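This report describes a metal site and the helices and loops around it. Please read it alongside the sequence and the structure.

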Amino acid sequence: MAFRVFNGEVNNKATKIFGGVASGICDWDDIKYPHMLTLYKELFGNYWIEDEIRLTSDLKHYRESLTDREKYVYNVLTGMLTSLDSVANRFNFTLGHTCTDPSVAAVIQMIGAFEGLHARSYQYLTSTMLNFEEKKQAFNAPKDIPLLRNRNDIIFKQIQNFVDDPSNMKKLYYALLANLVLEGVFFTGAFVYFNSLARSNRMIGSNNMVSLIKTDENFHSVFYGDVMKILMLENPELNTKENHQYAINFIKCCAEKEKEWGECIFQDIDTLSIPEYKDYVEYLTNVICRNAGIEEVYPNNKELKSKWIITYGTKGGNTKSDFFQTNVISYGHESGDGFDL
Ligand SMILES: [Fe+2]
Ligand SMILES: [Fe+2]
């Protein structure tokens, strides 16, 4: 069941965000969850363009000061992130298509468009830095590395099940859980490698771009946490002990897979230690649980211990940026006032 484009017999305000009814007219003054308008506007405000980030010094760093292992990890992670964003881009559009609340659908479609921008950004990084062989290595990594493939399969399977049967509410619930992990753990976990390179004063442009993407992903994670809470509220048949336990087990299984992957990919990387990474994965996992109203999977890990991740992984947080990079990272727009038309 997809949404109705127009239904003249019912209210403009949707009865439910999924599986509900609405006229199809998006009246932002008459929506069930008024904060959707704020989210929508904020998303628009986060707009940025990848080619405005300068990568000249990154190219020099990549060629001259990254070890072979560091280059390999850079390649594999950019390929992996591309694969996740490609999936996120398509998933959001299917989700937007089944969403019955036009205001929520508008936010989801905007998020989908941003996932497309993210995939393009990794393309920009790799086509600037990598030669033909390296690029092949990057973009085939999600297919070629069994451990990575196995980690991704857990979430891709749930997302595919939903895409194949989008009116099934249980499949929707499982796919949304998988999406929480995709955005809040698998993506965000990988960003930290770029933060760690910037901490060693290399690949600052790449890190600036990743920090812009991370800001978007954090936003998405909060939004999808909200969607999960709304879904539980509107569909008591999904809000069961059994499903809650499923969510905890599923998220924990994904987090453990991520730790295993971290152990493999960050081997022989000096800028980031494996125990530090595992600790960060647990912290991130708890964040997605809290956002979605799910019990924390690692109750003993409430605080971010590696504070440098905040310094190097936050938009505008890197004090070592040069003028151009600072300019980029504090990407902003003129207000529309005074435009000559
Ligand atoms: Fe993304
Ligand atoms: Fe996202």
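Glu115 is buried, with a relative accessible area of 0%; buried stands for under 20% relative accessible area, exposed for over 50% and partly exposed for the range in between, with a 1.4 Å probe and protein chains only. His118 is likewise buried, at 0%. An α-helix has 3.6 residues a turn, so residues three or four places apart point the same way. Helices here are DSSP runs of H or I with at least four residues, numbered from the N terminus.

This is a predicted model, in which local features need pLDDT of at least 70 and side-chain atom pairs count only at pLDDT 80 or more, while totals for chains, interfaces and linings use all residues. Residues are numbered from 1 along each chain as its sequence is written, chains are lettered from A and ligands numbered from 1 in the order in which they are written, and side-chain values use heavy atoms, with hydrogens and water left out.

**The two iron ions**

Glu115 bridges the iron ion (ligand 1) and the iron ion (ligand 2), which lie 3.7 Å apart. The table lists the donors of each ion; donors are N, O and S atoms within 2.8 Å of the metal (3.2 Å for Na, K and Ca), and water is not among the atoms, so sites may look incomplete.

| Ion | Donors | Distances |
|---|---|---|
| Iron ion (ligand 1) | Asp85 (OD), Glu115 (OE), His118 (ND1), Glu217 (OE) | 1.8 to 2.2 Å |
| Iron ion (ligand 2) | Glu115 (OE), Glu183 (OE), Glu217 (OE), His220 (ND1) | 1.8 to 2.2 Å |

The angles among the four donor atoms are 83 to 144° at the iron ion (ligand 1), which makes that arrangement irregular. Four donors count as tetrahedral if all angles lie between 85 and 135 degrees; four count as square planar and six as octahedral if opposite donors are over 155 degrees apart and all others between 65 and 115, and anything else is irregular. The site of the iron ion (ligand 2) is irregular too, with angles of 94 to 148°.

Along the sequence, the donor residues of the iron ion (ligand 1) follow the spacing D-x29-E-x2-H-x98-E. For the iron ion (ligand 2) the spacing is E-x67-E-x33-E-x2-H. Glu183 belongs to helix H7 (residues 169–199) and His220 to helix H8 (residues 204–234), so this pair ties together parts that are 37 residues apart in sequence. Both Glu183 and His220 are buried.

**The nonpolar core**

A nonpolar core is a set of buried Ala, Val, Leu, Ile, Met, Phe, Trp, Tyr and Cys residues joined through side-chain atoms within 4.5 Å. The largest one has 106 residues, and those with the most contacts inside it are Phe18, Tyr74, Leu77, Phe223, Leu231 and Phe266. H7 supplies the largest share of this core, 21 residues. Residues touched by Tyr74 include Leu125, Met129, Tyr193 and Phe194, a contact being heavy atoms within 4.5 Å.

H9 has 25 residues and spans 36 Å from its first C-alpha to its last, close to the 36 Å expected at 1.5 Å a residue; the expected span is 1.5 Å times one less than the number of residues. Among its buried residues are Phe250, Glu258, Lys259 and Trp261. Their cover includes helix H3 (68–98), helix H6 (146–164), H7 and H10.

H10 (residues 274–292) has 19 residues and reaches 27 Å, close to the 27 Å expected. Its buried residues pack against H7, H8, helix H9 (241–265) and helix H11 (308–312). At the start of H10, a side-chain oxygen of Ser273 comes within 3.2 Å of the backbone nitrogen of Glu276. Just after H10, Gly293 takes a positive phi of about 70°.

**Loops**

Thr271 lies in the loop between H9 and H10 and counts as buried at 13% relative accessibility. Its side chain makes a polar contact of 2.8 Å with that of Ser196; such a contact is a pair of N or O atoms within 3.5 Å, where within protein one must be able to donate a hydrogen and the other to accept it, and residues adjacent in sequence count only if both atoms are side-chain atoms. Asp268 is also placed in the loop between H9 and H10, but counts as exposed at 63%. Asp268 has a positive phi of about 60° although it is not a glycine.

How values were computed
Helix = DSSP H or I, 4+ residues; strand = E, 2+ residues; numbered from the N terminus.
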